[in-house]
Amino acid sequence: MEIKKIAIALDGPAGSGKSTIAKLVAQRLNYTYIDTGAMYRAITLKALQQGINLDQPEQLTQLAEATSLSLQYQRAADGMVLRVLMDGREVSEAIRSLEVTNHVSEVAAVAGVRSCLVKLQQQLAREGGVVMDGRDIGTKVLPNAELKIFLTASVAERGRRRWLELQAKGVRVELEDLIKQIERRDFIDSNRETDPLRQAADAILLDTTDLSITEVVQRVIDLAVAKGAVDNGD
């Protein structure tokens with residue numbers, strides 16, 4: 001009997017834990033994790049490197065259309081590791097810089113950039129068996145996904161998580177500044193004209209403020225199994 005492979009869409013604001021949860025859920029289900037945020041980060045990195053004015057949507061759209069993006073996964077001791085290739089060059093670490101983080105929402109708000117990357121995302125998810133996270137997955141990219149979840153958490157908690165993440169990488173930044181940056185990203189993401197951040201009508205709201213990563217992953221797994229997915233265990 002053929003095992004059913006569903007599509008899981010995880011949406012939510014910056015710092016809500018989407019990427020972490022999506023990776024772990026994909027590992028449990030033996031699904032493919034598609035990091036849409038990495039795609040927007042790659043275009044942002046390239047724009048910054050080329051000195052393109054982020055207020056020029058036509059230039060940004062042309063840049064996205066002329067860019068080759070590839071997501072490759074390699075098995076490591078602690079699970080699968082994502083390699084992001086932009087025009088054949090690995091940018092996995094560079095796209096996580098604070099500068100890219102501070103500007104990615106501006107680039108992601110450009111309709112032409114979104115149109116270009118959404119097509120690529122839909123191609124990658126065509127066969128099912130995917131976990132995809134972002135801000136418009138359930139509303140735009142995968143509107144027919146069998147399971148849609150909207151992850152959220154308080155701004156203070158999201159700021160704390162990002163601060164701990166940066167501290168672990170040796171990046172020193174004030175917590176208050178991070179919270180302000182997250183609030184700014186929330187505003188941009190929720191108020192952009194094209195595919196703004198919002199909860200899909202049929203998405204399940206999951207507040208992760210007081211939940212551990214393990215607890216959130218298990219809740220998502222339980223919801224996925226109820227939709228027909230098969231849990232392959234830890």
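I began with S16. S16 is buried, at 1% relative accessible area (buried means under 20%, exposed over 50%, partly exposed in between, with a 1.4 Å probe and protein chains only). The model is predicted: local features need pLDDT of at least 70, side-chain atom pairs count only at pLDDT 80 or more, and totals for chains, interfaces and linings use all residues. Numbering runs from 1 along each chain as its sequence is written, and side-chain values use heavy atoms, without hydrogens and water.

Next I looked up where S16 sits. I found S16 in the loop between β1 (7-11) and α1 (18-29). Helices here are DSSP runs of H or I with at least four residues, strands are runs of E with at least two, and numbering starts at the N terminus.

I then checked the partners of S16. A polar atom of its side chain lies 2.8 Å from the backbone oxygen of P13. Leaving aside neighbours within four places in sequence, I listed L151, T152, R158, R161 and T208 in contact with S16 (heavy atoms within 4.5 Å).

I turned to the whole protein. I noted nine helices and eight strands. Of the 234 residues, 47% count as buried. Among contacts with a separation of 6 or more, 72% join residues 24 or more positions apart.

Last, I looked at overall dimensions. The radius of gyration is 17 Å, which agrees with the value near 17 Å for a compact globule of 234 residues. That radius is taken over C-alpha atoms, and the globule rule is 2.2 Å times the number of residues to the power 0.38. Along the principal axes, the C-alpha atoms fill a box of roughly 55 × 40 × 35 Å.

How values were computed
Polar contact = N/O pair within 3.5 Å; in protein donor to acceptor, adjacent residues only side chain to side chain.
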